[in-house]
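Here are my notes on the model you sent over. Have a look at the sequence and the fold before reading on.

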Amino acid sequence: MTVWRKSSYSGDGDNCVEIGHGVGIRDSKAPATHLPVSAEAWSAFLALATASVEQ
């Protein structure tokens, strides 16, 4: 079973995106489905998101 987690910025709300290690991402409002994302794609996404925040 995958443990899903959401950003600490989401607080107690259920309107967020969650990640599951080795599985992918899902919408907390529709937890029955998920979008598979490779580790490489996730790392690239995080690098781009971090770079845009730093600018």
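The numbered points below go from the ground rules to the whole chain, then the sheet, then single residues.

1. Ground rules. This is a predicted model, where local features need pLDDT of at least 70, side-chain atom pairs count only at pLDDT 80 or more, and totals for chains, interfaces and linings use all residues. Residues are numbered from 1 along each chain as its sequence is written, and side-chain values use heavy atoms, with hydrogens and water left out.

2. The chain as a whole. The secondary structure comes to one helix and four strands, running β-β-β-β-α from the N terminus on. For the record, helices (H or I, at least four residues) and strands (E, at least two) are DSSP runs, numbered from the N terminus. The C-alpha trace spans about 35 × 25 × 15 Å along its principal axes.

3. Burial and surface. Of the 55 residues, 13% count as buried; buried is under 20% relative accessible area, exposed is over 50% and partly exposed lies in between (1.4 Å probe, protein chains only). The chain exposes about 4,600 Å², with carbon and sulfur atoms supplying 59% of it. Those areas come from the Shrake-Rupley method with a 1.4 Å probe, and for residues only the protein chains shown count as cover.

4. Contact range. Take the contacts in the chain with a separation of 6 or more: residues 24 or more positions apart account for 2% of them. Contact here means heavy atoms within 4.5 Å.

5. The sheet. In what order do the four strands sit in the open sheet? They go S1-S2-S3-S4, and the pairing is antiparallel. S1 and S4 (35-36) are the edge strands, each pairing on one side only. Two strands pair if DSSP finds at least two bridges between them. As background, strands of a sheet pair through backbone hydrogen bonds, either parallel or antiparallel.

6. Pair by pair. S1 (residues 4-6) and S2 pair over three bridges, with Trp4 standing opposite Gly20 in S2. S2 and S3 (residues 24-27) pair over four bridges, and here Gly20 stands opposite Gly24 in S3. S3 and S4 pair over two bridges; the bridge partner of Gly24 in S4 is Pro36, and Ile25 stands opposite Leu35.

7. The hairpin of S2 and S3. There are three residues between these strands, and Gly22 takes a positive phi near 80°. Worth a glance if you like checking backbone torsions.

8. The salt bridge. How many salt bridges are counted? The count comes to one, where a salt bridge is a side-chain nitrogen of Lys or Arg within 4 Å of a carboxyl oxygen of Asp or Glu. Arg26 forms it with Glu18, the closest N and O atoms being 2.6 Å apart. Arg26 is also the bridge partner of Glu18 in S3. Are the two residues buried or exposed? Arg26 is buried because its relative accessible area is 17%, and Glu18 counts as buried because its relative accessibility is 13%.

9. Overall charge. The chain has 4 positive and 6 negative side chains, and the centres of the two sets lie 5 Å apart. Lys and Arg count as positive and Asp and Glu as negative, with His and the chain ends not counted; the place of a charge is taken as NZ of Lys, CZ of Arg, CG of Asp or CD of Glu.

10. Ser28. This residue is found in the loop between S3 and S4. Ser28 counts as buried because its relative accessibility is 14%. Not counting residues up to four places away in sequence, Ser28 touches Asp14, Asn15, Cys16 and Glu18.

11. Leu35. Leu35 is found in strand S4 and touches Val23, Gly24 and Ile25, again not counting residues up to four places away in sequence. The C-alpha atoms of Leu35 and Val23 are separated by 8.0 Å, with the two residues 12 apart along the chain.
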